[in-house]
There are 2 protein chains.
Amino acid sequence: MSVDPHFQRVALIGFGLIGGSIARAAKLQGLAGEIVTTARSEKTRARVLELGIVDQVVATNAEAVKDADLVILCIPVGACGPVAQEIAAHLKPGAVISDVGSVKGAIVRDMAPHLPKTIHFVPAHPVAGTEHSGPDSGFAELFINRWCILTPPEGTDAAATAHLRAFWAAMGAKVEVMTPDHHDLVLAITSHLPHLIAYTIVGTADELQQVTESEVIKFSAGGFRDFTRIAASDPTMWRDVFLANKEAVLEMLGTFTEDLAKLTRAIRRGDGEALFDHFTRTRAIRRGIVEIGQDSAAADFGRQHGQLDKKPG
Amino acid sequence: MSVDPHFQRVALIGFGLIGGSIARAAKLQGLAGEIVTTARSEKTRARVLELGIVDQVVATNAEAVKDADLVILCIPVGACGPVAQEIAAHLKPGAVISDVGSVKGAIVRDMAPHLPKTIHFVPAHPVAGTEHSGPDSGFAELFINRWCILTPPEGTDAAATAHLRAFWAAMGAKVEVMTPDHHDLVLAITSHLPHLIAYTIVGTADELQQVTESEVIKFSAGGFRDFTRIAASDPTMWRDVFLANKEAVLEMLGTFTEDLAKLTRAIRRGDGEALFDHFTRTRAIRRGIVEIGQDSAAADFGRQHGQLDKKPG
């Protein structure tokens, strides 16, 4: 594919982890003639100005999208519908409108009705993130070797999809196209359910009477800390994800709960064989993830360990 | 504390991740006059010989513990009782006998009755690990800045406990002493329950009809992969942990299941406020873990991201 990834004027609405990373990557790769951004809070806008990454910071969404060839909403899923309504009248004909939300069915449902027929609506979801948020949290390398899923509604102009695909690919992402509904099922199991469970167990630990919070924190290296990273993700974003992808999440939760009940029963009955069989099966999936380069095989996730100096024996 | 961490002859029974790491760290720090080891399989013993880390590899447990001043069982929890029985008659009077099991009540119950009164029994649990196992998986730095919990039964000689504490501290560990029962409650929430849940969700993903395994693997960066590391842990070790710490695990599971039901209900009812409140609370625990240095605050766990080269715009 030799589609030019460049857009003359790119508008980013919202400048958190994802918006800030797009700005940095697009700048570094020369993917935009100019980048204009806005954010809801005065404080964030001031900070973005200070950072000096974008060409222009404006106060309103309407002003940001004016004359933009690519508009990306980098805001929580729940805010996308109202913002689509707000910007609709100001969009440039022929512009590509996109987002970065973790749910796609609800985005299409909430945004599409407001958007004029003259623009190209190509929802997107970069499957990348860290537990940090805010204007300082982004970095240009965030999308490298990560997937970005595009979910153009039926009838979307293929050239617009190809243009946005090239833009994401130039930021280092591997791009896949699927329907909004299938996206929501895939993400329910690979992302939404893991987050819900991590949030739950961290909350459970917090409420225990027999074990203190400081003990939980101290001894977290035994496995618990792996859950805490994702349970530290942005609360607003995740509230919106669960509300917007309710059906798929509840379906996966149903299956998970059944499976947990089976393992619980095996423990209660002392059925070592059932436990061993289950634990052996799950190793294969981990190997798959490491093999395709979506994680590191370095021991302990490649977390830094200290140095031991040799002392005289 | 200026207790000498040195032991003249150290016997390691088992040479997996933990045994192998103790051997490497003790050697590097000069904590042992000599290290003798054994392993159940001929293949592992041959590999340990090849590695050239220890002074002696022997074929039987009885031979390994002969004249040893410190004996550490580095084997699955379920194997510790039978091995204690096997070595009891061969232990040197005054020796310190320990283990590295993730459960401590069952270890005391299974091992203590076999051990002669002439030795000092100080069970231990280094809270450190990676998802790898086998003789090649160990490394000298594994215990640095990690906790090691000692659970001497009532009446244990304080000097023996202090000696073993010094040994672990010299390998870089922070050492804490608590009762076996309290240890088992603390670890049920910080380690055992997280592992059980990780094993469950990875199994759930494996069985889905609507989403393929290759999709789960591809899009795992959305959160799922954080669970797969611990769900790739050694199946035998973990089967034994759940059988041995059944009561505490079932208790924590009960609370977790109730909490999950509450969040599920909030999603079903569209109660965004309840979700937001819960998700906000869990961030604080993550901060605690990063602050005390039990994990890295580097974005995305410090996982490596690629490099973007600046291209002509």
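In this predicted model, the residue of chain A that comes closest to the rotation axis is A:Asp226, at 3.0 Å (C-alpha). Chain A is superposed on chain B by a rotation of 180° with 0.0 Å of shift along that axis, at an RMSD of 0.0 Å (least squares on the C-alpha atoms of residues with pLDDT of at least 70 in both copies). That is the relation of a two-fold axis. Of the interface residues of chain A, 100% are also interface residues in chain B, so the copies meet through the same surface (contact means heavy atoms within 4.5 Å).

Turning to the fold, three strands of chain A form an open, mixed sheet in the order 7-8-9 (strands are DSSP runs of E, at least two residues, numbered from the N terminus; two strands pair if DSSP finds at least two bridges between them). Strand 7 (124-127) and strand 9 (174-177) of chain A stand at the edges with a single partner strand each, so one side of each is left without a neighbour in the sheet. Strand 7 of chain A pairs with strand 8 (residues 147-150) of chain A in the antiparallel sense over four bridges, and A:Pro126 stands opposite A:Cys148 in strand 8.

The loop between strand 7 and strand 8 of chain A holds A:Asn145, which has a positive phi of about 65° although it is not a glycine. Most residues other than glycine have a negative phi. A:Asn145 is partly exposed, with a relative accessible area of 33% (partly exposed lies between buried, under 20%, and exposed, over 50%, with a 1.4 Å probe and protein chains only). In chain B, B:Asn145 also has a positive phi of about 65° and is partly exposed at 34%.

Residues are numbered from 1 along each chain as its sequence is written, and chains are lettered from A and ligands numbered from 1 in the order in which they are written. Local features need pLDDT of at least 70, side-chain atom pairs count only at pLDDT 80 or more, and totals for chains, interfaces and linings use all residues, while side-chain values use heavy atoms, with hydrogens and water left out.
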